[in-house]
Amino acid sequence: MTTAADIAAFVADVTYDDLSAAVADATERRLFDALAVAHVASDVAGAAADVAAGEGGDACACWAASTRAGPAAAALHNAARVRGSAAADAFLAPDGPSHPSEAVPAVVAAAEAADVDGETLVAALAATYEVHGELAWHVPVREHGWRPAIHTLVAAAAGAARARSLDAAATRDAVSLAVANGASFGAGPDETDHDLAGPLAARAGVTAASLAAAGVAGPADPFVGHPVLGVLADGAGDADGAAADDGVDEAREGAACEFGEDTDSIEAHAEEDGFALDPACERVHDVAARRVRGPFAVQAAVAAAADLGARVALDPDAVERVTVRTFDSLTLPAPANDPTPDTVTDAARSLPYSVAAALVSGPTDLADILGDEAVRRLAATVAVEEAPGLTAQFEAGLLPAVVDVERDDGSVHHAEVGAYPGHPTQPMDWATLEAKAGRLLPPERVEALRAACQHADEATRVADVLAALEASAERDL
């Protein structure tokens, strides 16, 4: 049986010294990615900015903006920017994607308001990814008609409490208050790129941590009877990894999915000993990052197309047909098939247009080629087919795609990927993330932001890390 107290005891006990160099580095890369994608403009981000401005406060930075706000309003604003970007990371769990990057703004806001150092921030973020990842794999939501914002709610409250260095009892109160007072978070229809459930959950997590810090007690265990979290309280699987003294070694071994070593790891992990929080916080290695803006179902095809375009000089007017073989997206939001999108958002969602753009320009800023007639003509030749073999690979944890380009001289050029750069088997390194950020920010801003995040653990104050955001120019991806 896992309770709010079990999660709290784990989170409160995580320290920077518990983290390996690889985990700390991966966590700092997740911070860099979240701060970078927050510079993508969207309608939901604009609405959140208006809310933050109306609520006032100046304790925390509003990312990609020249304003400041209180911790809760900043968490909402920043999480809405991350969510609205359609470029942030996710855990690709069997039940469908869950979005830990939406909890990052909650942790950062709590850490900034508490004026803690960089090691505390990194430890809190690592613990947040660990909690969120275990929830993603062991607390299915969509089968109950819920969205994964409930994962964000618990992880954000726990992470914000850790950022404030609350003890286990106060952290339990934070988690309990968040769950008890956000009982309907995540309930509702399927999520979209502009879904505000996750950002609202991030805000609620910050508020719950603040209330707990002020001495407000939460209910004993709101997991009991909860329509989704009740699976933990009811003892589905062995959930003693976080609390049992003799379970630490097993928890360390079973926490990460180890995608790179076992392509059956998603199904295998679901059959392990259940919810088990790893003191080393290695769940962060299981995150899938998006290389380009758009659904995860687009990422692999774009990677294959970019690879082919880099190897073969293609004249769009000499292409007879482009065939994209991909997987049945099943639990992933499906891409669109519009070859002539009118907006950057629609272009990012369009598999034919994204593939055509990648064939011509590689991973590119779609805003720069939106409406390009050559790309549109090429996109009109794209045919998308579902291949059962690729669906089997997807179900085993990969994101495969095959792209064939047939030219008018009869030649056929081929590219395929089993996992794109950004999939857990091929995590995006600093250079790849910097290239992605370069499509969002001026070069000098990217360099400064990377340096700040790559050495976040060395910062005396979290505010010093966020100083790199100042004067960032906002532009579309």
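**Before you start**

The structure is a predicted model, in which local features need pLDDT of at least 70 and side-chain atom pairs count only at pLDDT 80 or more, while totals for chains, interfaces and linings use all residues. Residues are numbered from 1 along each chain as its sequence is written, and side-chain values use heavy atoms, with hydrogens and water left out.

**The whole chain**

Begin with the protein chain in a cartoon view, where 21 helices and eight strands can be followed; helices (H or I, at least four residues) and strands (E, at least two) are DSSP runs, numbered from the N terminus. Of the 477 residues in the chain, 59% are buried, where buried means under 20% relative accessible area, exposed means over 50%, and partly exposed lies in between (1.4 Å probe, protein chains only). If you switch to a surface view, the accessible surface comes to about 16700 Å², and 48% of it belongs to carbon and sulfur atoms; such areas come from the Shrake-Rupley method with a 1.4 Å probe, and for residues only the protein chains shown count as cover. Among contacts (heavy atoms within 4.5 Å) between residues at least 6 apart in sequence, 77% join residues at least 24 apart.

**First stop: a negative patch**

Keep the surface on and select Asp13, Asp17, Asp18, Asp117 and Glu119, which form a negative surface patch. Patches are made of residues with over 30% relative accessible area and no salt bridge, with like charges joined within 9 Å and nonpolar side chains (Val, Leu, Ile, Met, Phe, Trp, Tyr) within 5 Å. Asp13 is found in helix α1, which covers residues 4–13, and Asp13 is exposed because its relative accessible area is 56%.

**Second stop: Phe32 in helix α2**

Next select Phe32, which is found in helix α2 (residues 21–37). Is Phe32 buried or exposed? With a relative accessibility of 1%, Phe32 counts as buried. If you show what surrounds it, leaving aside neighbours within four places in sequence, Phe32 is in contact with Trp430, Leu433, Glu434, Ala437, Val446, Leu449, Arg450 and Cys453. A C-alpha to C-alpha distance drawn from Phe32 to Trp430 reads 9.0 Å, although the two residues are 398 apart in sequence.

The whole structure holds 21 salt bridges, a salt bridge being a side-chain nitrogen of Lys or Arg within 4 Å of a carboxyl oxygen of Asp or Glu.

Glu102 is in the loop between β4 (96–98) and α5 (104–114), whereas Arg83 is in helix α4, 19 residues apart. Glu102 counts as buried at 3% relative accessibility, and Arg83 counts as buried at 9%.

For another pair, select Arg142 and Asp95, which form a salt bridge with their closest N and O atoms 3.5 Å apart. Because Arg142 lies in the loop between α6 (118–138) and α7 (149–163) and Asp95 in the loop between β3 and β4, the pair ties together parts that are 47 residues apart in sequence. Arg142 counts as partly exposed at 22% relative accessibility, while Asp95 counts as buried at 15%.

Select Ala64 in the loop between β1 (60–61) and β2 (68–69), where phi is near 60 degrees, a positive value in a residue other than glycine. Ala64 counts as buried at 7% relative accessibility.

Move on to Ala86 in the loop between α4 and β3, where phi is near 55 degrees, again a positive value in a residue other than glycine. Ala86 is buried, with a relative accessible area of 4%.

Finish at Gly418, in the loop between β8 (412–417) and α19 (430–437), which is partly exposed with a relative accessible area of 29%. Not counting residues up to four places away in sequence, Gly418 touches Gln393, Leu398, Leu399 and Pro400.

Definitions and conventions:
Lys and Arg count as positive and Asp and Glu as negative; His and the chain ends are not counted. The place of a charge is taken as NZ of Lys, CZ of Arg, CG of Asp or CD of Glu.
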